[in-house]
Amino acid sequence: MAGTPPSRRPRVVVTRRLPDPVERRARELFEVSCNASDEPFSVVQLHAALDSADGLIATVTDRLDRSALTSAPRRAVIVANFGVGFNHIDVAAAADAGIVVTNTPGVLTDDTADLAIGLMLMVARRAGEGERLLRSGTWTGWRPTQLLGTRVTGATLGIVGMGRIGQAVARRARSGFGMRVVYYQPNPVDLGDLDAGECASLTELLECSDVVSLHCPATPATRHLIDADALAHMGDGAILINTSRGDVVDEAALAAALAAGRIRGAGLDVYEDEPQVHPALCALENVVLLPHLGSATDAGRTAMGMCAIDNLVAFFAGEEPPNRIV
Ligand code: DGY
């Protein structure tokens, strides 16, 4: 449904605290209700927001499933997602309900790619283990065989999902670390001048990569893409990095593979059941666990908020929102 300009200022519920400049701009433009407590909305609060507002700025912590979107005629006509990933929103149900959904692609590409590279280095160079050792007060000083890691320079990086973020990671790996880059991407993609070799299958990529970095969206087709079988195809010195979505990895299978030394290490920023993390992962030394920080820079989160607002502004002006999904 196209945005019909309301005669009054549109009422917008913002489901989480956003950076100050974003909240300020939202208040200038809309009649805004912010979530002062910054606790994730309950189902009841989410339904109330959909019933009381013309639009929502929602985040990954809001589960907008079919029942939320269609179980009653909602007042809300647009959900502007604060984020590029939208697997928490049933977009087919939104379309059925006549609710427009937008996201924030592009503005968080560099930050997420930086974090993926950071995780790769942390795991390869055992930075988490080293920091824990030092903070424990048991570090006895330098020695030649302490915490020997993996050299990433010149190693092969396999990228699963060669969209914007995958490509940004590939460029950093090529130019910064002289890594050979291979990728698996089911749909055709324009790589410009990026020097990367295409793998015909995920298995081929897993078998030839020293580091595997996941950058595919969470869809029914990618759920548990990295399961016990996939992990069995990785080399025993290989490292898995996930900054995409937790569902893409079978966490129990990963924990078992890490515990058994089936692969060398993993770096995770996202989890199957956030904020829960599989307890077996928390007990392992060879995994670095970050709390979904991919886009978490001042600049990135501000740009995401401004992008979400731009989508609302366009919609309420009767124009096509720039980042419309449905
Ligand atoms: C994204 O943009 O998808 C981030 O993971 C936050 O949702």
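The legends below describe an overall view and several close-up views of one predicted protein model.

Residues are numbered from 1 along each chain as its sequence is written, and side-chain values use heavy atoms, with hydrogens and water left out. Because this is a predicted model, local features need pLDDT of at least 70 and side-chain atom pairs count only at pLDDT 80 or more, whereas totals for chains, interfaces and linings use all residues.

View 1. Helices (H or I, at least four residues) and strands (E, at least two) are DSSP runs, numbered from the N terminus. Along the principal axes, the C-alpha atoms fill a box of roughly 70 × 45 × 35 Å. Of the 326 residues, 48% are buried, where buried means under 20% relative accessible area, exposed over 50%, and partly exposed in between (1.4 Å probe, protein chains only). Among contacts (heavy atoms within 4.5 Å) with a separation of 6 or more, 61% are between residues 24 or more positions apart.

**View 2. The open sheet of 7 parallel strands.** The strands follow the order β8-β7-β6-β9-β10-β11-β12, and their pairing is parallel; two strands are taken to pair if DSSP finds at least two bridges between them. The edge strands are β8 (197-198) and β12 (287-289), each of which pairs on one side only. Within the sheet, β6 (residues 156-160) and β9 (residues 211-214) run parallel and are joined by 4 bridges, and L157 has V211 in β9 as its bridge partner.

**View 3. T243 in the loop between β10 and α10.** This loop connects β10 (239-242) with α10 (251-259), and T243 is buried within the model at a relative accessible area of 8%. When its neighbours within four places in sequence are left aside, T243 is in contact with T112, L115, A116, L119, L214, H215, D269 and V270.

**View 4. The cis peptide bond from E274 to P275.** Omega for this bond is near 5°. P275 is found in the loop between β11 (265-268) and α11 (279-282).

**View 5. N323 in the segment after α12.** N323 is buried, with a relative accessible area of 16%. Leaving aside its neighbours within four places in sequence, N323 is in contact with V101, T102, N103, P105, C307 and N311.
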